[in-house]
Amino acid sequence: MRMMKKFAALLLVAAMVTCVFTACGSKDAENTDKKAEITIAYQPSIGYAPLLVMKEKGLIEKAYDGDIQVNWKEMNNGSEITEALTAGSLDVGCVGVPVAVTGIKAGSPYRIAFGISAQPYAIQTNNPDIKSLKDITKKDQIGITNINSQPHILLAMWAKNELGDAHALDGNLTVLSNPDGYSSIVSGAVSCHMVISPFNFMETASKEKAIHEIPVDNSVWADDNTALVAIATQSLKNDRPEVYEALIQAADEADQYIADQPEEVAKILAKDYDASDEEILSWMQDSRSSYETSIKGVMQMAKFMEDEGFIEEAPKNIDEIVYDNVKGE
């Protein structure tokens, strides 16, 4: 009887051990089979063409060794994107340089993962009397995507250069998404719009209202300086490095595709704009437009933002705000 009890006890222990290992095995299998996922947000502009190529051609899926779900979101401005990144509902957000710098220096949990593009910015105006910043009066509203956005800081740099005061036009600013800004200047609701391509090209080509452009001078901001960057959460970089690497590889491949197949890229972009493939191709090939993952001018802009009180402190070196794969400054 005693031997039978002992044998039964041994069987119970063996069963418990088997259950533990079976449970662990099931959990490991579940983890192995779990589908990877990444969520990316961008804004309306042909400046974000690499992201649209990545989306259309499935380049992240191609680069990732396994099964991955890539979710894409179009959002109106950088503030919406950085809030979503901080809240954890996004992994990657595509924004203007000042938005990225502001958030990172404020302690937000993301860094610059790669550069996206350099793009032409300009003031579009429906007022024939405005030929320079000096002609803008207090009654002239200037549409921008947001405070501390790329158009806002570029306008401030321009105002510093031409008017002697970076904040001279702060009272003229009104926040509008790029599409709303387009509608507002064409309708006459605002007289000026500081905007990225393709909206600058679309506005000057408008048949509804005579609109002319005042370009940002090269002495204020060099044509090849980076305007747009991708910022990625630290949790993506640290906890899912394979997904992060697939993202970086896809970004490089997208830039190469843009260089090799510009006509095909124009067709992809034409789905989002009321313009011909030829028009979009000409916008993409504007001399002020370029697409590359390295960055340029970021530290220059950050220093200006500190000097003029837009941020409390600029990064002392580029490593404070970028991941280790990023080239340039």
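Tutor: Asn 148 has a relative accessibility of 12%, so it counts as buried, the cut-off being under 20%. This is a predicted model, and the values here are computed from it. Asn 148 sits in the loop between β6 (142-144) and α6 (150-163). Its phi is near 65 degrees, a positive value in a residue other than glycine. Most residues other than glycine have a negative phi, and most peptide bonds are trans.

Ser 197 and Pro 198 are joined by a cis peptide bond, with omega about 10 degrees. Pro 198 lies in the loop between β8 (192-196) and α8 (199-204).

Now Met 194. Its contacts, leaving out residues up to four places away in sequence, include Ile 142, Gly 143 and Ile 144. Pro 151, Leu 154, Leu 155 and Trp 158 are also among them. Tyr 121, Ala 122, Ile 123 and Val 216 complete the list.

Met 194 also belongs to the largest nonpolar core, which has 108 residues. Ile 40, Met 54, Ile 60 and Met 194 touch the most other members of that core. The largest share of this core, nine residues, comes from α10. A second, separate core has five residues, including Leu 176, Ile 185, Val 186 and Ile 211.

Take α10 next. This helix covers residues 241-260, which makes 20 residues. At 1.5 Å a residue it should span 28 Å. Its end C-alpha atoms are 29 Å apart, so the model agrees with that expectation. Buried residues in α10 include Val 243, Tyr 244, Ala 246, Leu 247 and Ile 248. Ala 250, Ala 251, Ala 254, Asp 255 and Ile 258 are buried as well.

Helix α11 (residues 262-269) packs against α10 at an angle of about 110 degrees, with the axes 5 Å apart. The two helices are therefore roughly perpendicular to each other, a label that covers 65 to 115 degrees. From α10, the contact uses Tyr 257, Ile 258, Ala 259 and Asp 260. From α11, it uses Pro 262, Glu 264 and Val 265.

Leu 228 touches Gly 47, Tyr 48, Val 95, Gly 96, Gly 115, Ile 116, Ser 117, Tyr 121 and Ile 196, not counting residues up to four places away in sequence. Tyr 121 is also on the list for Met 194. Leu 228 and Tyr 291 are 63 residues apart in sequence, yet their C-alpha atoms are 9.7 Å apart in space.

What about the cysteines? Cys 94 has 0% relative accessibility, so it counts as buried. Cys 192 is buried on the basis of its own 0%. The structure holds zero disulfides. A disulfide is a covalent bond between the sulfur atoms of two cysteines.

Finally, the whole chain. The protein has 329 residues, of which 53% count as buried. Its secondary structure comes to 13 helices and 11 strands. Among contacts between residues at least 6 apart in sequence, 77% join residues at least 24 apart.

Terms used: Residues are numbered from 1 along each chain as its sequence is written. This is a predicted model: local features need pLDDT of at least 70, side-chain atom pairs count only at pLDDT 80 or more; totals for chains, interfaces and linings use all residues. Side-chain values use heavy atoms; hydrogens and water are left out. Helices (H or I, at least four residues) and strands (E, at least two) are DSSP runs, numbered from the N terminus. The expected span of a helix is 1.5 Å times one less than its number of residues. Buried means under 20% relative accessible area, exposed over 50%, partly exposed in between (1.4 Å probe, protein chains only). A disulfide is a pair of cysteine sulfur atoms within 2.5 Å. A nonpolar core is a set of buried Ala, Val, Leu, Ile, Met, Phe, Trp, Tyr and Cys residues joined through side-chain atoms within 4.5 Å. Contact means heavy atoms within 4.5 Å. Axes are lines fitted to C-alpha atoms, for helices over the stretch in contact, and angles run from 0 to 180 degrees between N-to-C directions. Angles under 35 degrees count as roughly parallel, over 145 as roughly antiparallel, 65 to 115 as roughly perpendicular and the rest as oblique.
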